Amino acid sequence: MKLFFLLFFFLLNFCGSFAQQTSRVDFTHLQAEIHVLPSKQQVSGEVSFRFDIIGETDSIYIDARNMDFTNVSLNGETVHTHNDGKRLWVISGFEKSRDNELKLEYVARPEQAMYFIRIAGQDEREDYQVWTQGQGKYTSHWLPSFDDSTEKLEFDLRVHYPKGAEVVANGFLQEKTVLNDSMVRWEFDMKKPMSSYLVAIAAGDFGHFEETSSGGTPLLMYYPLGKEHLAEPTYRYTGEIFDFLETEIGVAYPWQNYKQVPVRDFLYAGMENTGTTIFSDLFLVDSTGYHDRNYVNVNAHELAHQWFGNLVTAVSGEHHWLQEGFSTYYALLAEKEVFGEDYYYWKLFESAEELKEMSDSGKGESLMDPRASSLTFYKKGAWALHILKERIGEKAFRDGVANYLEAHKFGVAGTSDLIHEMEKASGEDLSDYEQRWLRNAAFQGTEALQSLQRSAFIQEYLEVAALRNVPLEKKRRLLDRALNLPVNDFIGQEVVNQLSLEDPLAALELYRKAFGTHNRYVRQAIA
């Protein structure tokens, strides 16, 4: 009975706030021996946590959803615990101390966060792809860990998996050991701390090839066995994107290596797990399909997250734009390197149209609203950074970004931390910028248009687009001129889109000229 009242008291005091735990306890290391059994859709393991007590407390917790635990010990001694189905509470009189160890064994049958995808195999056997997705779905469904992204620790995983598959996880693969006729152990080592939602495992019939960045980072690119011909077009420009981002950001890539793995039935386009991006196999393309839809943007976006989100994590949902806005912006800069400046301004123009429409309809959102939409976090965030660079200049912007990352590396930060570094680098007061672009719900359409008009291409495009409601005979000469070689991809498509509203016979000569440009995108528009 006494233990019941103690547990009740502890739960009342500690169920309410993540901050209470991180202010008293600092978890520094997790080592796990994980056994994944796809045919049973089960994961089990032995986990060892290292932690420091920085403030006296009666209990600590590990996030663990629908798990069963055995053999829980604290510094080698049996300890009182309580499992409420969401957390494992460890009950003890914790005093300030360093290098404590909590060990436990667990079994879980995760209903989310780890997914077991059946794939028809040979000889009437079933193969599986297994992959994880922690952000928004919680790693704590398959690994005892921390749903609070501000709790960062080093993860070292040893994964036991059925023989015949390739296993990928965060960090450097130290050793692969065949244990018996059915199981193989894969040992991965991480060197730096990260948030639990960025822990990842992917397993299946994968092959891979490897490149090395100019700075010496190994780049491992995976593909499904039998689809080797899709590897090059899918991962095209990966090395160039990596080198560009490392140089442009001004901070060395912070992890041991970088891997990318395409999986079936993935929930999103991609996920930036630390050093190990998992993405949808719908982005696997051949050299022809590459021109219709490719992986370049997702590739660059998830890579940029390795700095923005993984190296420095937003301190709370209010500052989520620091992750998505930066990653969207730097992906655009990488695409600018690959596809050119017109492409860059075209993507800015497209997103400005979307944001202005949302704002004009009264649905505009502040970047500081934790409930804002992806359009706001991603594209408005990118626009805010584009405008900031124009305002303070490229050198001050680069210095501010690099100083922001260095000051908060392997930790967390908020918007005020970024503004502080940008003001220090530029010598400017940015309070008006912060109010207009970060806190105001309305999209600053006039300022965005002024920025776009710095591009001669956008000026010409807008001139052609203004002709949409003009009769064909009054604009024929201007449309004809817009199709002169070398025709611009986007202006050429705009011409064809306008022709599609006209009598085909009246527009026939212009169609012929458009087709004769041999521009792939113009001809796609005609089709």
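**Exercise 1. Determine which residues V312 touches, and whether V312 is buried or exposed.**

*Solution.* Step 1: apply the contact criterion, heavy atoms within 4.5 Å. Leaving aside residues up to four places away in sequence, V312 touches K152, W307, Y404, L405, H408, K409, G411, V412 and A413.

Step 1: note the basis of these values. The model is predicted, so local features need pLDDT of at least 70 and side-chain atom pairs count only at pLDDT 80 or more, while totals for chains, interfaces and linings use all residues. Residues are numbered from 1 along each chain as its sequence is written, and side-chain values use heavy atoms, with hydrogens and water left out.

Step 2: locate the residue. V312 is found in strand β22 (residues 312-314); helices (H or I, at least four residues) and strands (E, at least two) are DSSP runs, numbered from the N terminus.

Step 3: classify it. Buried means under 20% relative accessible area, exposed over 50%, and partly exposed in between (1.4 Å probe, protein chains only). The relative accessibility of V312 is 3%, and therefore V312 counts as buried.

**Exercise 2. Describe the length of helix α10 and the arrangement of its buried residues.**

*Solution.* Step 1: compare the span with expectation. The expected span of a helix is 1.5 Å times one less than its number of residues. Helix α10 (residues 415-426) has twelve residues, and its first and last C-alpha atoms are 16 Å apart, close to the expected 16 Å.

Step 1: list the buried residues of α10, which are T415, L418, I419, E421 and M422. Seen down the axis of α10, these residues fall within an arc of 165 degrees, so they line one face of the helix. The arc is that of the directions from the helix axis to the C-beta atoms.

Step 2: examine the surroundings. The cover over the buried residues of α10 includes α6 (321-339), α8 (374-392), α9 (394-408) and α11 (431-439). The face turned away from the buried side carries the exposed residues S416 and K424.

Step 3: look just beyond the helix.

**Exercise 3. Carry out the corresponding analysis for the buried and exposed residues of α14.**

*Solution.* Step 1: the buried residues of α14 are L472, K475, L479 and A482. They cover an arc of only 80 degrees around the axis, which puts them on the same side of α14.

Step 1: the buried residues of α14 pack against α13 (456-465), α15 and α16 (508-516). On the face turned away from the buried side are the exposed residues E473 and R477.

**Exercise 4. State the strand order of the sheet that contains β7, and describe how β6 and β7 are connected.**

*Solution.* Strands of a sheet pair through backbone hydrogen bonds, either parallel or antiparallel. Two strands pair if DSSP finds at least two bridges between them.

Step 1: Three strands form an open sheet in the order β3-β7-β6, with antiparallel pairing. The edge strands, β3 (57-63) and β6 (80-83), each pair on one side only.

Step 2: inspect the pairing of β6 with β7. These strands pair in the antiparallel sense over four bridges. The bridge partner of H82 is W89 in β7, and T81 stands opposite V90 in β7.

Step 3: follow the connection. β6 and β7 form a hairpin with three residues between them, and G85 in the turn has a positive phi of about 90 degrees.

Step 4: consider R87, which lies in strand β7 (residues 87-94). R87 is buried, with a relative accessible area of 11%. Its side chain is joined to that of D63 by a polar contact of 3.2 Å (a pair of N or O atoms within 3.5 Å; within protein, one must be able to donate a hydrogen and the other to accept it, and residues adjacent in sequence count only if both atoms are side-chain atoms).

**Exercise 5. Identify the backbone features of N75, A113 and P486.**

*Solution.* Most residues other than glycine have a negative phi, and most peptide bonds are trans.

Step 1: examine N75, in the loop between β4 (67-74) and β5 (77-78). N75 has a positive phi of about 50 degrees although it is not a glycine. At 41% relative accessibility, N75 counts as partly exposed.

Step 2: examine A113, in the loop between β8 (97-108) and β9 (114-120). Phi of A113 is positive, near 80 degrees, in a residue other than glycine. A113 is buried, with a relative accessible area of 0%.

Step 3: examine P486, in the loop between α14 (472-482) and α15 (489-499). A cis peptide bond joins L485 and P486, with omega about -5 degrees.
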